[in-house]
Amino acid sequence: MRRAVCPGSFDPIHKGHIEVIARAAGLFDEVIVAVSTNYAKQYRFTLSERLHMATATFSAISGILVEPMGEGLLSDYCHDRGVSAIVKGLRSSSDFDYELPMATMNRQLSGVETVFLPGDSRYLHLSSTLIKEVHALGGDVADFVPRAVMRRLQGDIGPDTTPVTVVPPRR
Ligand code: PNS
């Protein structure tokens, strides 16, 4: 079983993420979409909401699981979950410059490899930050996000208060 992880904040998940995750699912037996928690970060959506939107997006696709990553090291998470590769999408050379030291660090910490997939040209301009800004200022983001996110942005579902168990960091 070759298992990969696609880690991220997914605040919220968008079509650039989805396209890369779907391609990763074609390369590995199982892909875990690991939704991170970093208490130093200000999220627009709660962990529960981010999990809910990602889970709804991939619910009909076998081989893709969504779960919380916890707040520890990604390398520890990979070790604990038997993950052999981290998959990251690259939109630009600045993404690569940002990701390369983390890829090397993760390999040195736990032996996990990082696989970079070039982002599809349709989505290279997308980021969760830009989507939130455009939406907040009244722009239409329906082309950029899955339906579960659009529903959440339009506020036609109540706040998701489902309790979430966060996996504690491995000691
Ligand atoms: O979507 P994001 O916020 O860019 O995701 C970043 C993420 C979760 C991939 C990154 O912050 C991460 O790996 N966090 C886990 C903490 C960790 O392992 N830090 C050391 C990285 S070498």
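## Close-up views of a predicted model

**View 1. F96 and F116 form an edge-to-face pair.** F96 counts as partly exposed because its relative accessibility is 33%; buried means under 20% relative accessible area, exposed over 50%, and partly exposed in between, with a 1.4 Å probe and protein chains only. F116 is also partly exposed, because its value is 24%. The count of aromatic pairs comes to 1, where rings of Phe, Tyr and Trp (its six-membered ring) pair if their centres lie within 6.5 Å, and planes under 30 degrees apart are stacked, over 60 edge-to-face and the rest tilted. Here the ring centres are 5.8 Å apart and the planes stand at 70°, so the pair is edge-to-face. The pair links distant parts of the chain, with F96 in helix 4 (residues 93-110) and F116 in strand 5, 20 residues apart. Helices (H or I, at least four residues) and strands (E, at least two) are DSSP runs numbered from the N terminus.

This is a predicted model, in which local features need pLDDT of at least 70 and side-chain atom pairs count only at pLDDT 80 or more, while totals for chains, interfaces and linings use all residues. Residues are numbered from 1 along each chain as its sequence is written, and side-chain values use heavy atoms, leaving out hydrogens and water.

**View 2. Helix 1 has buried residues.** Among them are G16, I18 and V20. What covers the buried residues includes strand 1 (3-8), strand 2 (30-36) and helix 2 (47-58), with contact meaning heavy atoms within 4.5 Å.

**View 3. R50 lies over the face of Y43.** The distance from the ring centre is 3.8 Å. A charge sits over a ring if NZ of Lys or CZ of Arg is within 6 Å of the ring centre and within 35 degrees of the ring normal.

**View 4. Here is the largest cavity, with a volume of about 40 Å³.** Its lining includes L74, I86, K88 and T114, and its largest share, 4 residues, comes from helix 4. On a 1 Å grid over the protein atoms alone, a cavity is a set of points where a 1.4 Å probe fits but cannot get out, and a pocket is an open set with protein on both sides within 12 Å along at least five of seven lines; lining residues have an atom within 4 Å of a point. Grid points are joined across faces, edges and corners, and a volume is the space filled by probe spheres set on the points.

**View 5. The largest pocket holds about 1,300 Å³ of space.** Of its 46 lining residues, P7, G8, S9, K88 and E99 lie nearest its centre.
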